[in-house]
Amino acid sequence: MSTQNTFLKELDERSSDNLFTLQSHILAEQSKHPGSTGTFSWILSAMSLSAKVIASKLRRARLDDVLGALGTENVQGERQQKLDVIANETLLRCLGRRKGVAIVASEENEEPILLRDNAEAEGGYCVLFDPLDGSSNLDVCGGVGTIFSILQHPSPAATADEAMLQPGSRQLAAGYILFGSSTVFVLTTGNGVSMFVLDPMIGAFLRVEDNLRIPTKGKIYSLNEGNRPTFPEGYQRYLDWAQHNGYSSRYAGAMVADVHRTLLKGGVFLYPPTAKAPNGKLRLMYEANPMAFLVEQAGGKAYAGKERLLDVQPKTLHQRTTVILGSSEEVDHVLRHL
Ligand code: AHM
Ligand code: MG
């Protein structure tokens, strides 16, 4: 008969059949911060609940009347899909009732939503998200995702904008949920990157990877090559170089799916400036920053053109940025052509 200690050791070694949930992971991380009140963990658990609700709605797409455009536009002037709005409301409902959330900001809402005033916000958090990134993929059953970023509320703050306009290097946590052939939750709290897969039969995210590392290189570039004629010259030089050096092109057209592949297989993901989007298309605060934090935590690099992405000082909530992120050697190849 094995003793209790050997039994626990054996369990730890059997990582292939572990039953370590996202919830257990959050509590284990919390226990590393002795003074912690649990508020932050409670917010992450709201993200997990939202992810499960959104996953269940997406699974019924085409069976329920949730596909297609709503006939409205968001703050970026883009057509809103019904599921954009459903995902946004789900996140707002799940996060809104959690006491530690002072402000939420979403790609779908022009203004941030102030949930608690300065006094109540003390020790609280700002949560920013893109509720359903890549939603134009929905009609063709392609991968889509939710991206989020969590910042400390620097109370007192004069305005919601002032509270939130912090560089990405100040993020406390960031992550994404990829709704693909399975539902994957990838999270960092600044202590490496962990990956969880939703087991729909038991309704829990199970940890499949702790301390995920991005390969240092990988001959894949991922960008919308249709925009090539209006990329700045450096990007065109990079593409010529990559094509002469045996690179493959992969592009899902949904950032979460493209970044997820890049994290797992290596390579580089880019959204350069174009004639249509001279500052880049992707949003700094709730698309680029969280992905940059994850990629750096996994050992990769992320740049906004020539500047480290996480150092960019945001000026507005919905500001756009150039994005170059991925394996460190591959990002270096891009940078030396710029
Ligand atoms: P969205 O937030 O409106 O869905 O737009 C963001 C998406 C990203 O997921 C993706 O990387 C990019 O837009 C694709 O843009 P394009 O169609 O110009 O290649
Ligand atoms: Mg988006």
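How do H2 and H3 lie to each other, roughly parallel or roughly antiparallel? The first legend below takes that up, after a quick word on the model.

This is a predicted model, in which local features need pLDDT of at least 70 and side-chain atom pairs count only at pLDDT 80 or more, while totals for chains, interfaces and linings use all residues. Residues are numbered from 1 along each chain as its sequence is written, chains are lettered from A and ligands numbered from 1 in the order in which they are written, and side-chain values use heavy atoms, with hydrogens and water left out.

**View 1. Helices H2 and H3 side by side.**
Here you see helix H2 (residues 22-30) and helix H3 (residues 39-59); helices are DSSP runs of H or I with at least four residues, strands are runs of E with at least two, and both are numbered from the N terminus. The two axes come within 10 Å and cross at roughly 165°. Axes are lines fitted to C-alpha atoms, for helices over the stretch in contact, and the angles run from 0 to 180 degrees between N-to-C directions. H2 and H3 are therefore roughly antiparallel (over 145 degrees; under 35 counts as roughly parallel, 65 to 115 as roughly perpendicular and the rest as oblique). H2 passes H3 in a right-handed crossing, meaning that the near helix is turned clockwise from the far one by less than a right angle, with anticlockwise being left-handed. On the H2 side, look for Leu22, Gln23, Ile26 and Gln30, which meet Ser41, Leu44, Ser45 and Ser48 of H3; contact means heavy atoms within 4.5 Å. By class, this contact has 3 nonpolar, 5 polar and no charged residues. For the classes, Ala, Val, Leu, Ile, Met, Phe, Trp, Tyr, Cys and Pro are nonpolar, Asp, Glu, Lys and Arg are charged, and the others, Gly among them, are polar.

**View 2. Helices H7 and H10 packed together.**
Now turn to helix H7 (residues 233-243) and helix H10 (residues 328-337), whose axes are 8 Å apart at an angle of about 130°. That makes H7 and H10 oblique to each other, and H7 passes H10 in a right-handed crossing. Gly234, Tyr235, Arg237, Tyr238 and Trp241 come from H7, while His333, Val334, Arg336 and His337 come from H10. The contact of H7 with H10 divides into 4 nonpolar, 3 polar and 2 charged residues.

Helix H8 (residues 255-265) packs with helix H9 (residues 284-297) at an angle of about 15°, and their axes are 11 Å apart. H8 and H9 are therefore roughly parallel. H8 supplies Met255, Val256, Val259 and Leu263 to the contact, and H9 supplies Glu287, Ala288, Met291 and Val295. Sorted by class, that gives 7 nonpolar, no polar and 1 charged residues. Also in H8 is His260, which counts as buried at 9% relative accessibility (buried is under 20% relative accessible area, exposed over 50%, partly exposed in between, with a 1.4 Å probe and protein chains only). Leaving out residues up to four places away in sequence, His260 touches Tyr176, Leu178, Val184, Val186 and Met195.

Glu107 (OE), Asp130 (OD), Asp133 (OD) and Glu287 (OE) coordinate the magnesium ion (ligand 2) at 1.8 to 2.7 Å. Donors are N, O and S atoms within 2.8 Å of the metal (3.2 Å for Na, K and Ca), and water is not among the atoms, so sites may look incomplete. Along the chain, the donors follow the spacing E-x22-D-x2-D-x153-E. Glu107 sits in the loop between strand S3 (101-106) and strand S4 (113-114), whereas Asp133 is in strand S5 (residues 125-133), 26 residues apart. Glu107 is buried, at 5% relative accessibility, and Asp133 is buried too, at 7%.

**View 3. Two loop residues with positive phi.**
Cys141, in the loop between S5 and strand S6 (144-152), has a phi near 65°, a positive value in a residue other than glycine. Cys141 is exposed, at 73% relative accessibility. Asn211 is not a glycine either, and its phi is positive at about 55°. Look for Asn211 in the loop between strand S10 (204-209) and strand S11 (220-222); at 48% relative accessibility, Asn211 counts as partly exposed.
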